[in-house]
Amino acid sequence: MHTAVDAFHATLEVTERLVRFFKTKSAQDLAGTMAFFARRARYIDATLGWDLGSWSELHAFFAQYMPGWPKNSASYPVRILGDLRSAVVFFTDTAGLFGPSELRLAGAVDFERGLITRQVDYWDGRHFGLENLAGLQMPTDQFPAEFGEKAVTGTSSVIMRRVVRDLAGSLSRGDGAGAARLFSPDAVFEDAPSHVRIEGRRAIGAYLTDAVGLLPYTGAGTAVRHALGNELGGGFEFTASEGPVPRGIVGLELDRWQRISRLTAMWDGSLVDDATLLSLAQRAIER
């Protein structure tokens, strides 16, 4: 692996399974890679709008790309949250796997009997390069209307669903103070596309209040698509009907008291203008 994997908020079983998956994928072992997927598996790239709705389509996808991967290229996990029911995995694809730039992604992964039944990858198009998106991204009206979430209900724990419900409810109402009460005193808030990192429950609450409507998972029209993970960590995929960013994912790490100790959000920053990102950064500096 290219780096040590942060698995403090994941079970040993899901960590071992995903580490083996990424090693096999990086070795360009097509048959071995496909052995990690259930026959009814579905894969969606939430930034490009690619929807591979069957095992055979996914097999054809890897068969097309793997032979062209550069020597010493790799796809490797950085952080894993959850268990073998469902998990959020932050991972990196080195340059050359799917374009000239590296990709830093957050994947929503659902399992059944240890096999992946659903994987949805979220990443920031700005980090990839706006010019690199040309020719890859589907037209907006051709994105899938749903992401297979109805086929994987009940894969997260009761504890995580409660935390997600309370957090998403506060964020949709613009209640930054209410959201802050769900965080630990020394919690960390990270929003990847805006490059914002804030420490401390009080500062996080103030920032979430100031950034309502700018962050795509806050304000009216936001909703939970699918919750993932357990009492250690996980997160949720969100939808947003009223802003320029219609979807994304939020990773959550929980402490022993089931408070949020770290939040990491990933969404497509190519969908907002420079002024929005600068405004998010300015609000963080003012905290």
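Trainee: How far apart are phenylalanine 61 and tyrosine 65 in helix H3?
Mentor: They're four residues apart in H3, which spans residues 55-65, so about one helical turn separates them. Keep in mind that this is a predicted model.

Trainee: And what do the rings of phenylalanine 61 and tyrosine 65 do?
Mentor: Their centres are 5.0 Å apart with the planes at 50°, so the pair counts as tilted.

Trainee: Buried or exposed, phenylalanine 61?
Mentor: Phenylalanine 61 is buried, because its relative accessibility is 10% and the cut-off for buried is under 20%. Tyrosine 65 comes out as partly exposed, at 22%.

Trainee: What about phenylalanine 61 and phenylalanine 62, what kind of pair is that?
Mentor: Edge-to-face, with 5.5 Å centre to centre and 65° between the planes. Both phenylalanine 61 and phenylalanine 62 are buried.

Trainee: Which residues are in the ring cluster?
Mentor: Tyr43, Trp50, Phe61, Phe62, Tyr65, Trp69 and Phe98, linked through ring pairs. The model has 15 aromatic pairs in total.

Trainee: Back to phenylalanine 62. Which residues is it in contact with, leaving aside neighbours within four places in sequence?
Mentor: Phenylalanine 62 contacts Lys25, Leu30, Thr33, Met34, Phe37, Pro67 and Trp69. In the largest nonpolar core, which has 33 residues, Phe62 is also one of the three that touch the most other members, along with Phe37 and Leu58.

Trainee: Which elements supply at least two residues of this core?
Mentor: On the helix side, H1 (12-26) and H3. The strands are E2 (37-45), E3 (50-52), E5 (86-93), E6 (103-112) and E7 (115-123).

Trainee: What's in the second core?
Mentor: That one is separate and has 32 residues, including Ala187, Phe189, Tyr217 and Phe238.

Trainee: Switching to charges. Where does the charged end of arginine 225 sit?
Mentor: Over the ring of phenylalanine 147, 4.1 Å from the ring's centre. Arginine 39 likewise lies over the face of tryptophan 55, at 3.8 Å from the ring centre.

Trainee: OK, and how many salt bridges?
Mentor: The count is 18. Take glutamate 146 and arginine 42, whose side chains meet with 2.8 Å from N to O. Glutamate 146 is in the loop between helix H5 (130-133) and helix H6 (158-172), while arginine 42 is in strand E2, so the bridge links distant parts of the chain, 104 residues apart.

Trainee: How accessible are glutamate 146 and arginine 42?
Mentor: Glutamate 146 is partly exposed at 33%, and arginine 42 is buried at 19%.

Trainee: What about arginine 118 and glutamate 237, what distance is given for their salt bridge?
Mentor: It's 2.9 Å, N to O. The partners come from distant parts of the chain, 119 residues apart: arginine 118 from strand E7 and glutamate 237 from strand E11 (residues 233-240). Arginine 118 is buried at 2% relative accessibility, and glutamate 237 is buried at 0%.

Trainee: Which residue does glutamate 199 form a salt bridge with?
Mentor: Arginine 197, with the closest N and O atoms 3.3 Å apart. Glutamate 199 is exposed, at 53%.

Methods. Residues are numbered from 1 along each chain as its sequence is written. This is a predicted model: local features need pLDDT of at least 70, side-chain atom pairs count only at pLDDT 80 or more; totals for chains, interfaces and linings use all residues. Side-chain values use heavy atoms; hydrogens and water are left out. Rings of Phe, Tyr and Trp (its six-membered ring) pair if their centres lie within 6.5 Å; planes under 30 degrees apart count as stacked, over 60 as edge-to-face and the rest as tilted. Buried means under 20% relative accessible area, exposed over 50%, partly exposed in between (1.4 Å probe, protein chains only). A charge sits over a ring if NZ of Lys or CZ of Arg is within 6 Å of the ring centre and within 35 degrees of the ring normal. A nonpolar core is a set of buried Ala, Val, Leu, Ile, Met, Phe, Trp, Tyr and Cys residues joined through side-chain atoms within 4.5 Å. Contact means heavy atoms within 4.5 Å. A salt bridge is a side-chain nitrogen of Lys or Arg within 4 Å of a carboxyl oxygen of Asp or Glu.
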